[in-house]
Amino acid sequence: MLSLGLLLVLQASPAQTPHPFRVEDMQKLRRVREAVLSPDDRWIAYAVQTSDTAKNKSITNLWLISSNGGTPLQLTFAEQGSNAGIRWAPDSKSLYFLSSRDSGTPQVFNLALGGGEARQITHFAIGVSSFLVSPDGKTLAITASVFPECRDLGCNEKKKKEFEDRTVKVRTITSLPFRRWDEWVEGKRNHIFVMPLEGGGDPKDITPGDADTPIWTESGSDEVAFSPDGRELAVSRFTENEALTGNSDLYLIPVEGGQTKQITTSKGSAATPLYSPDGRYIAYLATLRPGVDSDATRLFLYDRRTGQTRNLTEPLDRSIASHWWSPDSKTLYISFEDRGLVPVARIEVESGRVTRLFSDGVSGNIQPSTDGSFVIFTNTNFSRPNELFRVDPKGTGKAEQLTFENQSLLKDVQFGEYSSFSFVGAHGDSVQSWRVLPPGFDPKKKYPLLLMMHGGPENAWDNLFHYRWNAQLFAAAGYVVIAPNFHGSTGFGLKFMDAIKGDWGGAPYQDQMKAVDVALRWPYIDSTRLGAAGASYGGYMANWVEGHTDRFRAIVSHDGLFDILAMFYSTDVPGWLPSELKGTPWEDQRPLLSQAPITYARNFKTPMLVIHGEHDYRVDPSQGYAMFQVLQAMHVPSKLMVFEDANHWVTKPADNILWYHAVLDWLDHWVKPEREVWLTMRRNEAPK
């Protein structure tokens, strides 16, 4: 028995003291991914990704929650692989999903809500990339990556085995692309197969030939849609070379196969088709400029009665991220970046009028109920990972949180306060930036400053809980973090985004240096302790900063461009560089040389950590190797880390933990000592 004295001590013990967010905490989080509302509006099926740091793997399982909230129910219990790609059966009694639980090759499974084990539906040796269920629940439309010379799955299985078992390991390449992101294409193409869900029947390839139908997208967007009557599919297809121009259009295909009908003639990309519930329209996303060019993504409507198309969102001057039809086909629910936020909004088909329903943080997975009484969506911000919400489309904009996946883990975590600030940047334009303060911030103290530089370059720092570049983790280490959305950033209009083209090292660099100047006027910033870090284009900017200023104590460059001429010859998407940099190696090299960090290597002097993924085909690892070798040749303190299993991103759980510790250790080592100590360190640790 407990003594009365001990009992009183225990009762008087204070609650656990809140602690700053830690690197290891990141991999304990439950990451809410996709979420899909059931056709009867009663349930939401959603995917949750967790980390197994011991095995250095992520696992994704499915959960179910009432659309009114409550206690969620776990549906799948995989200890490896992924269960995702949720599609409801039309009667809401079961759901279909992709699972790599057994062989590691994704297959379609069906799980009845009434209980029992999931039932495997497909047996594609080549695996399933994505799928759709027809509105009547009788047919599957499956996307798979196949050998185009094959006419059936048996041939594909044989070709796959022959390729894997070949004695002489050689790749013979005659066209582009031959690599995508982190994989070799191996001459395969995306094709669509249709098969009955019940009663047997072999899958039928309805898009034979040497073309990707549907297109491959980096985001994995839905590029196939069923018509409401289930008789037709709308699909995207590249109409010019993917790697050189990226031009794609939309086609209509009878579900049983046959003659296709092209319905767009886009100079840019046309993608992500979605039929209106009444069958009159096909909504889709498109860009207007030719070539693989960063452009505003507009929402278009194709009228199936008249054959006419209409640009619905040009006046908005924002890139549309997602779209979903209302049940009455009169409006579409959309999301788009806007000054560092991604709101939930709707747009009226007739008038084009946009109404914002919820504007805080970053929202996605937007879907209205069939009766139009509520809208579900996921939402995140700097201090909260993704969770499920619902909002009344006719209400005041106040959202109700439905899931609390990380409440218990984060209840004892103290996050830093974050806020937005603006300043006059290059060209006299207003530039927005985020600021994140250390937890327990004391305005009377002095703090080191960390400049975070985003990638893209046409991208943005949004108000979200970032897993790869988490501002709260850097703030928890004692840094005041600033994250500017410089010229070229998305969410500020097309003119602002285009300002970066041909000026990679110009206006964006000026903006970020001006952001630092603004921060140095804050009384709590230690002007002698500055660091900078970025990835991709942010890594390019890190390399550019290395050659243009010595104001920083330390720099981190992750997957950064260094030699732009070599980048043309090694990236998986060479077609986007001419419009970005206003030059080519074979026509005019001068713009490439003037904007290349390698040109300014003689100025390198700031200690730098260089990181690269060995399977990064977007920015080839040779860019990181070259940057490090030049730093060493220039006798600049430097370190190179190569993550052997990483692509452009470091996402494996244990790898991610090591990455954060390595970056923080580098910054702490060089930024936090007294200046005299730092100068001595730079001399003593310089390569000999």
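Here's a quick rundown of the disulfide, the aromatic pairs and the charges over rings in this structure. Keep in mind that the model is predicted. The tally is 1 disulfide and 37 aromatic pairs, and a couple of arginines sit over aromatic rings, namely R31 over Y467 and R435 over W522.

**Disulfide**
- C150 and C155 are the linked cysteines, with 2.1 Å between their sulfur atoms.
- The link is left-handed, at -60 degrees about the S-S bond.
- C150 counts as buried because its relative accessibility is 3%, under the 20% cut-off.
- C155 comes out at 27% relative accessibility, so it counts as partly exposed.

**Aromatic pairs**
- F358 and F377 make a tilted pair, 5.4 Å centre to centre with 40 degrees between the planes.
- F358 belongs to strand β27 (residues 354–358) and F377 to strand β29 (residues 375–381), so this pair ties together parts 19 residues apart in sequence.
- Both F358 and F377 are buried.
- F568 and W586 pair edge-to-face, with 6.0 Å centre to centre and 85 degrees between the planes.
- F568 lies in helix α9 (residues 564–570), while W586 is in the loop between α10 (577–581) and α11 (590–594), so the pair ties together parts 18 residues apart in sequence.
- F568 is buried at 5% relative accessibility, whereas W586 is exposed at 61%.

**Aromatic cluster**
- One cluster brings together F486, W504, Y537, Y540, W544, W576 and Y600.

**Charges over rings**
- R31 has its charged end over the ring of Y467, 3.8 Å from the ring centre.
- R435 does likewise with W522, its charged end sitting 4.3 Å from the ring centre.

Technical notes: Residues are numbered from 1 along each chain as its sequence is written. This is a predicted model: local features need pLDDT of at least 70, side-chain atom pairs count only at pLDDT 80 or more; totals for chains, interfaces and linings use all residues. Side-chain values use heavy atoms; hydrogens and water are left out. A disulfide is a pair of cysteine sulfur atoms within 2.5 Å. Buried means under 20% relative accessible area, exposed over 50%, partly exposed in between (1.4 Å probe, protein chains only). Rings of Phe, Tyr and Trp (its six-membered ring) pair if their centres lie within 6.5 Å; planes under 30 degrees apart count as stacked, over 60 as edge-to-face and the rest as tilted. Helices (H or I, at least four residues) and strands (E, at least two) are DSSP runs, numbered from the N terminus. A charge sits over a ring if NZ of Lys or CZ of Arg is within 6 Å of the ring centre and within 35 degrees of the ring normal.
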